[in-house]
Amino acid sequence: MAENLFYFLVFPGLLFAGVTGAFLSWFDRKVTARVQFRVGPPVLQPFYDFFKLLLVKETILPKYGSPLVFLSAPVFSVFGATMSGVFILLPLFGITSGFKGDLLVIFYLLTIPSFSYIIGALASGNPLAAVGGSREMKLILSYELTFLLVVAGIIMKCGQQFNLNSIISTQQEGAPFIGSVSGVLLFIASVFCIQAKLALVPFDMPEAEAEITEGIFIEYSGAAYALIKLTKYIMLFILPAFITAILLNGFRLEGIGILWSVLKILGVVLLLTLIRNTSPRVKIKQAMTFFLVYMNIIVIIALVLIAFGY
Amino acid sequence: MGFKNYCFKKSLWVFHFGGASCNNCDIEILDCLTPRHDLERFGILLVGSIRHADVLLVNGSINMHDKERLIEIYKQAPKPILVVAIGACGCTGGIFAESYAFAGPVDKIIPVNAYIPGCPPKPEAIIAGIVKLVENS
């Protein structure tokens, strides 16, 4: 019991994932600044933002909404992100939990933050938040099928195993899954799915800042918004970690392998940041077409290739 | 108190309220966020919603219509909020001070923490004003 609480709260759960995610968030902002020929914020900027929101600012409750649901939605989103983070990071750090089939649990837990954003936005009683919530719902409907097919491709590739531990060990004994044609196709599709899950720029219609002024987060202030920021930090760490686990050979925690593990995570975040900085926001209809038609075709081609052994 | 205040000073998020402005001050405010001046090195971000803001920038002359909206925006902001009046119109009324539609400079309507005069103020002047605001808050 104490061990499980330690896993959830300290390592690799809330504290570790939050701190690492905050550092990755700084990395994202710094790279964005360098791309635009700016200097960028200091390293501790995400921590300043978080503690300012948590400790200094006032939390305002909606008058025409439901305050209880409005305040519990960020708590649920932090819970979902941390829980999926624990399930992803335990196999990556080589700690066996003895739980088979965790890949499907991770897939369902990763949707909890998006669903709690929608619930919180609809409970705030703001029309722009409702617009953002409906867009987030359509976005989930479009990327979730592609993401499920990517997970199915990974399961097919390592011989019908639902366990993240055995997926990582299969790759470490043989070659990483990205080293084949189908692996490259799966990597492309999963990077775009993660871009949509994190609501980064080509797919940031739910919180379009210039258009519907932060959308789903428009009414959040103070400590509630700090929890949402924490969720975003954690998601920015665990989703690249998930890609690393399923396609890029996982972590090797000895000698030079530690450096490679860090570089893999930074490389995936760098890729996401560069996509975010070089593309405009698309309309929700274009995003749905992109995922439901093109990305699904790519993943289905990958599945056929896997079936023939490529 | 010291830690809280330090975090607050290091991460000021700015919401921009434009009154009946001629748009010169708006352009100069946006200049501060461009590569040449880059206010993000001090942690200053432009946010879209007043609920996330720590600083309320007000520019332009405030007329009868703007007055109600400015008061409403100020009430919607989570406290503590700092208010900065930018430009001659925001500080004193400028050339519109005698107009029949003029509802008084910003400090007659809501409490103001810093004034940055100029028509329009240069980005350097805006940065100097923000630095003074951070040092004295």
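Two residues count as being in contact if their C-beta atoms, placed from the backbone, lie within 7 Å. Keep that cut-off in mind as we walk through this predicted model, starting where its two chains meet. By this criterion, 27 residues of chain A are in contact with 17 residues of chain B. On the chain A side, the elements that give two or more residues are α3 (45–56), α10 (209–212) and α11. Of these, α3(A) gives the most, with seven residues.

Now let's look at chain A as a whole. Its secondary structure comes to 13 helices and zero strands. The radius of gyration of chain A is 19 Å, close to the 19 Å that the globule rule gives for 310 residues, so chain A is as compact as a globular protein of that length. Along the principal axes, the C-alpha atoms of chain A fill a box of roughly 60 × 45 × 40 Å. Buried residues account for 48% of the 310 residues in the chain. Among the chain A contacts between residues at least 6 apart in sequence, 80% join residues at least 24 apart.

What lies inside? In soluble globular proteins, nonpolar side chains tend to be buried together. The largest nonpolar core here has 86 residues, and Ile88(A), Val150(A) and Ile238(A) touch the most other members. Helix α11 (residues 222–246) of chain A gives the most to this core, with 18 residues. You can trace one part of the packing from Ile88(A): leaving aside residues up to four places away in sequence, Ile88(A) touches Ile106(A), Ile238(A), Ala241(A), Phe242(A) and Ala245(A).

Apart from that core lies another, of 32 residues, including Cys25(B), Val58(B), Val83(B) and Ala85(B). Two of these residues bring us to strand β4 (residues 82–86) of chain B, where five of five residues are buried. In a regular strand the side chains alternate between the two faces of the sheet. In β4(B) both faces are covered, with Leu82(B), Val84(B) and Ile86(B) buried on one side and Val83(B) and Ala85(B) buried on the other.

Finally, consider the partners of this strand. Strand β3 (residues 55–59) of chain B runs parallel to β4(B) and is joined to it by five bridges, with Val58(B) standing opposite Ala85(B). Together with helix α3 (residues 64–76) of chain B, these two strands make a right-handed β-α-β unit. β4(B) also pairs in the parallel sense with strand β5 (residues 114–116) of chain B, over three bridges, and here Ile86(B) stands opposite Ile116(B).

Technical notes. Residues are numbered from 1 along each chain as its sequence is written. Chains are lettered from A and ligands numbered from 1 in the order in which they are written. This is a predicted model: local features need pLDDT of at least 70, side-chain atom pairs count only at pLDDT 80 or more; totals for chains, interfaces and linings use all residues. Helices (H or I, at least four residues) and strands (E, at least two) are DSSP runs, numbered from the N terminus. The radius of gyration is taken over C-alpha atoms; the globule rule is 2.2 Å times the number of residues to the power 0.38. A residue is buried if 20 or more other C-beta atoms lie within 10 Å of its own, exposed if 12 or fewer, and partly exposed in between; C-beta atoms are placed from the backbone. A nonpolar core is a set of buried Ala, Val, Leu, Ile, Met, Phe, Trp, Tyr and Cys residues joined through C-beta atoms within 7 Å. Two strands pair if DSSP finds at least two bridges between them. A crossover is right-handed if, with the strands pointing away from the viewer, the path from the first strand over the helix to the second runs clockwise.
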